[in-house]
Amino acid sequence: MIEIKDLHKSYKMGSNSLHVLKGINFTAEAGELVAIMGSSGSGKSTLLNILGILDGADSGEYTLDGVPIEDLTETKAAQYRNKFLGFVFQSFNLINYKSALENVALPLYYQKVGRKERQEKALNYLDKVGLKEWASHLPSELSGGQKQRVAIARAMAAEPKVLLADEPTGALDSTTSYEVMALIQKINDEGNTILVVTHEEDIAHMCKRIVHLKDGVIVEDKKVKQVRAEQYV
Ligand code: ADP
Ligand code: MG
């Protein structure tokens, strides 16, 4: 599903340059649940942003479901993002003046799905994350965990090939974190491919594979016995 070869990325700052990704090689098959783990500043978000076509690498190859991702125009990049990728962020990134339902329906709007089908699908996805009763509520009326579940429903509504989550539990207390991980595990059990960026060991062990990033290189890549999150909620 994902294949990257010898990926490099630097940030230029004035006359200086910060080499953040120093030759990353990585593949993920369809249906995997992979943690990209590393301490703050190790390059996790930089890598995820490149995988999410939110940013470009300086060199290297990236293939997503057989499609080479390189030198795309912004229009094409946006098109691929909408078609292939779902995003979940630490800060939820919901639209504050839109209801839970409208937030979830938004990617379907961009996919030009008709209004009625949008509403139905969005309600279905809200139901899936246990928030059907909250459809008409604004994000400000939801708890942190509920907001993240809406964000996950929104990401999944577009039926992406890959779900990319950058510190999805970073803003949540531990019980709520495990609720969110239980949901991510459920979605993965259904066959979806998911990458979770985290700096937390216990969250990483709720995935099936841990890729350890340190100073811009992968220092370890191992399959792990998945810890189920439901037992902690
Ligand atoms: P992580 O997500 O693992 O904490 P990041 O990928 O966000 O790490 O950042 C890696 C390094 O790159 C850090 O030193 C960070 O300060 C730097 N960095 C991240 N984004 C930018 C940017 N847009 N411009 C300059 N430096 C950046
Ligand atoms: Mg980060």
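Reply: The questions below concern a predicted model, and each answer sets a value against its definition.

Me: Why is Ser143 called exposed?

Reply: A residue counts as exposed if 12 or fewer other C-beta atoms lie within 10 Å of its own, and Ser143 has 11 other C-beta atoms within 10 Å, so Ser143 is exposed. Ser143 belongs to the loop between helix 4 (115-128) and helix 5 (144-157).

Me: How do you know that strand 3 and strand 9 pair, and in which sense?

Reply: Two strands pair if there are at least two bridges between them, and strand 3 (residues 33-37) and strand 9 (residues 209-214) share four bridges, running in the parallel sense. Within this pairing, Ile36 has Val211 of strand 9 as its bridge partner.

Me: What makes strand 9 and strand 10 a pair?

Reply: The cut-off is again at least two bridges, and strand 9 and strand 10 (residues 217-223) have six, this time in the antiparallel sense. Arg209 stands opposite Lys223 of strand 10, and in the hairpin of the two strands, which has two residues between them, Asp215 takes a positive phi near 50 degrees.

Me: How do you know how the residues around ligand 1 divide by kind?

Reply: Lys counts as charged, and Gly counts as polar; the shell includes Lys44, Gly38 and Gly41, and the residues of the shell divide into four nonpolar, seven polar and one charged. Helix 1 gives the largest share of this shell, three residues.

Notes:
Residues numbered from 1 in each chain as written. Chains lettered and ligands numbered in written order. Predicted model: local features only at pLDDT ≥ 70, side-chain atom pairs only at ≥ 80, totals over all residues. Near = placed C-beta within 6 Å. Buried ≥ 20, exposed ≤ 12 C-beta atoms within 10 Å, placed from the backbone.
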